[in-house]
Amino acid sequence: MKLINVGFGNMVSAEKIVAIVSPDSAPIKRIIQEGRERGAVIDATYGRRTRAVIITDSEHIILSALQPETLSHRIVERDNGKDSDNSEIDRA
């Protein structure tokens with residue numbers, strides 16, 4: 001299982017992420033509000049401004065203080081790191 005740091009030491013399973021979006025649009029704000037009403041929002045901002053909204057395959061909504069681009073780069077870096085790790089294992 002690959003874990004992605006979404007800020008302040010909070011981790012999310014990369015395999016469970018469906019989308020990483022900006023919280024600025026009205027539809028995303030509505031998704032957040034509906035998630036709060038059903039108890040599916042996880043606030044990982046530590047009181048800071050929400051800059052990214054992570055939607056998971058279990059319909060949980062995770063709020064992050066990191067930019068969506070930062071989170072996507074972390075996922076790509078993990079994928080690239082995993083490929084190099086597998087090649088090292090094959091050599092052993």
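Mentor: Let us begin with the overall layout. In this predicted model, the order of elements along the sequence is β-β-β-α-β-β-β-α. That gives the chain two helices and six strands. Of its 92 residues, 30% count as buried.

Trainee: What makes strand 1 and strand 2 a pair?

Mentor: Two strands pair if there are at least two bridges between them. Strand 1 (3-7) and strand 2 (residues 10-13) have four bridges in the antiparallel sense, so by that criterion they pair. One of the bridges joins N5 to M11 in strand 2. The two strands form a hairpin with two residues between them, and F8 in the turn has a positive phi of about 60°.

Trainee: Which strands make up the open sheet, and in what order?

Mentor: Four strands form the open sheet, in the order 3-5-6-4 and with mixed pairing. Strand 3 (17-21) and strand 4 (41-43) are its edge strands, since each pairs on one side only. On average, neighbouring strands of the sheet are turned by 20° against each other, direction ignored. Strand 3 pairs with strand 5 (residues 52-56) over four bridges in the antiparallel sense, and I17 has T56 of strand 5 as its bridge partner.

Trainee: Which residues of helix 1 are buried, and why are they said to be on the same side?

Mentor: The buried residues of helix 1 are I28, I32 and G35. They cover an arc of only 65° around the axis, and therefore lie on the same side of helix 1.

Trainee: What makes up the largest nonpolar core?

Mentor: This core has 11 residues: I4, V6, V12, A14, I17, A44, A52, I54, I62, L71 and I75. Strand 1, strand 5 and helix 2 (68-91) each give two or more residues to this core. A second, separate core has six residues, including I28, V53, I55 and I61. As for A14 in the largest core, its contacts beyond four places in sequence are with K2 and I4.

Trainee: Why does Y46 count as exposed?

Mentor: The cut-off for exposed is over 50% relative accessible area. Y46 has 54% relative accessibility, so it counts as exposed.

Trainee: Where is Y46 placed, and which residues does Y46 touch?

Mentor: Y46 is in the loop between strand 4 and strand 5. Leaving aside residues up to four places away in sequence, Y46 touches F8 and N10. The C-alpha atoms of Y46 and G7 are separated by 8.9 Å, although these residues are 39 residues apart along the chain.

Trainee: How many of the contacts join residues at least 24 apart?

Mentor: Among contacts between residues at least 6 apart in sequence, 50% join residues at least 24 apart.

Methods
Residues are numbered from 1 along each chain as its sequence is written. This is a predicted model: local features need pLDDT of at least 70, side-chain atom pairs count only at pLDDT 80 or more; totals for chains, interfaces and linings use all residues. Side-chain values use heavy atoms; hydrogens and water are left out. Axes are lines fitted to C-alpha atoms, for helices over the stretch in contact, and angles run from 0 to 180 degrees between N-to-C directions. Buried means under 20% relative accessible area, exposed over 50%, partly exposed in between (1.4 Å probe, protein chains only). The arc is that of the directions from the helix axis to the C-beta atoms. A nonpolar core is a set of buried Ala, Val, Leu, Ile, Met, Phe, Trp, Tyr and Cys residues joined through side-chain atoms within 4.5 Å. Contact means heavy atoms within 4.5 Å.
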